[in-house]
Amino acid sequence: MVKKRVPDWLNSSLWSSTPVDDDRLHRYTSEPATTTSSPEPVVEPPVPVPPPSASTVVRTESPKSDTRDSRVNNNVSNDDNDTSSGPSAEDVSRQAQLLVELSKKVINLRELRKIASQGISDGPGIRSTVWKLLLGYLPPDRALWTSELAKKRSQYKHFKEELLMNPSEISRRLEKAKSYEHDETNRGPLSRLEISQEEHPLSLGKTSIWNQYFQDSEIIEQIDRDVMRTHPDMHFFSGDSSLAKSNQEALRNILIVFAKLNPGIRYVQGMNEILAPLFYVFRSDPDEDNAASAEADTFFCFVELLSGFRDHFCQQLDNSVVGIRATITKLSQLLKEHDEELWRHLEITTKVNPQFYAFRWITLLLTQEFNFADSLHIWDTILSDPEGPLETLLRICCSMLILIRRRLLAGDFTANLKLLQHYPPANISHLLYVANKLRKQPSI
């Protein structure tokens, strides 16, 4: 049998270059700046503004803002000779294109996806707005933004009031409502006979609010544990600051509301890792109204994002054609199609089952394999690809294997499993380039 030849572009010296130092990472380990935007006319929703000049970048930081450097996540090594502190010319050009597109009365989503798929620069509010558009949270017509946001945020507030209420508070409100139906002489505490089965704390009935509360408490305890473990290296999510505590509370609320509104899935460990990038981006929006409503915006975007992957979190569907095992099989077939030699070495020679590493890659959308800044860049591509997030994710996972093929071909079961479960630092631009090649130039 003739083995499929590896494409020439895979042997390029491009893949031997070292990871590029990305100074964006410095921004993800410190607290976001609390900017105060100047008053805007309320005729139209605000458009993300262009970034300030280099001399005014730290206008809202404290005089000691340079101390952020001591708290940098060291996932990406620093280059001592790197003197560039601003965005590259390519980033500036892409940011200008995005701003032009976002300023239109009706946004061309096809063009927006094309620009955003190459990565979104860290200009104020740009990524936040683009992600909301890509996830369908904001409509293309900018004139509808204000009303749509108000409606969704009000709806989430209602969800919280209904679903995060303690049963004793529910009973109190029921009691108060019933009291209005009686005369003044009959008001007061309910008699023992007037307390319904559903309202009794010891009731085991399916409709009992207390029984449901005790069942939910187990899930809430798991959510609490996972939220506390979310990005412990980032001050935004972890620590004793009021900001970190507030952000943890927001993550907790979103996950609890989601679990109660989706009884078929409820909460699955790891959902907090998918939620974190969305909340960070929206909470860091320099527009004060958007930042204040980040919890509500994140909830609906989280629901939309998870809708494309929800079957992976349903254990009953694990062995179905839409379950996680079927998706992992697709990844295996994709690797076989583009690099049969590597596929054969991994799965037949060294017997590395793709489930050993791809389960986490796929279910957590690569949030655990790369540093936070690189994860955001990867998500720009995942969210903007017109083929859908799952197909794009599989191509990126396949490119991760191809990118380290030489090390994998030289390794045995133990070495390869360790390498794949602790993926090495990579140049994300190169990684996404390979993933794009897999789509444009499939093997014949």
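In this predicted model, Lys 351 is situated in the loop that connects α12 (340-349) to α13 (355-363). The backbone of Lys 351 has a phi near 55°, a positive value in a residue other than glycine. Lys 351 counts as exposed because its relative accessibility is 59%, which lies over the 50% cut-off. A positive phi, near 65°, is also found for Leu 366, again a residue other than glycine. Leu 366 belongs to the loop between α13 and α14 (372-384). With a relative accessible area of 1%, Leu 366 is buried.

Aromatic contacts were examined next. Across the whole structure, 15 aromatic pairs were identified. In one of them, the ring centres of Phe 236 and Phe 237 are separated by 4.8 Å and the ring planes meet at 80°, so the arrangement is edge-to-face, an angle over 60 degrees being required for that class. Phe 236 and Phe 237 are both buried. Phe 236 also pairs with Tyr 280 in an edge-to-face arrangement, with 4.7 Å from centre to centre and 65° between the planes. This second pair links distant parts of the chain, as Phe 236 lies in the loop between α6 (209-228) and α7 (242-261), whereas Tyr 280 is placed in helix α8 (residues 271-283), 44 residues apart. Both partners, Phe 236 and Tyr 280, are buried.

A single aromatic cluster is formed by Tyr 137, Tyr 156, Phe 159, Phe 299 and Phe 300. Two lysine residues are positioned over aromatic faces. Lys 132 lies over the face of Phe 282, at a distance of 5.0 Å from the ring centre. For Lys 336, which lies over the face of Trp 343, the corresponding distance from the ring centre is 4.6 Å.

The axes of helix α4 (residues 145-163) and α7 approach within 10 Å and cross at roughly 75°. On the α4 side, the contact involves Tyr 156, Phe 159, Lys 160 and Leu 163, which meet Asn 253, Ile 254, Val 257, Lys 260 and Leu 261 of α7. Classified by residue type, this contact of α4 with α7 comprises 6 nonpolar, 1 polar and 2 charged residues. Tyr 156 and Phe 159 take part in this helix contact and also belong to the aromatic cluster.

Methods
Residues numbered from 1 in each chain as written. Predicted model: local features only at pLDDT ≥ 70, side-chain atom pairs only at ≥ 80, totals over all residues. Heavy atoms only, no water. Phe/Tyr/Trp six-rings, centres within 6.5 Å; stacked < 30°, edge-to-face > 60°. Buried < 20%, exposed > 50% of the residue type's maximum accessible area, 1.4 Å probe, protein only. Helix = DSSP H or I, 4+ residues; strand = E, 2+ residues; numbered from the N terminus. Lys NZ or Arg CZ within 6 Å of the ring centre and 35° of its normal. Axes fitted to C-alpha atoms, helices over the stretch in contact; angles between N-to-C directions. Contact = heavy atoms within 4.5 Å. Nonpolar A, V, L, I, M, F, W, Y, C, P; charged D, E, K, R; others polar.
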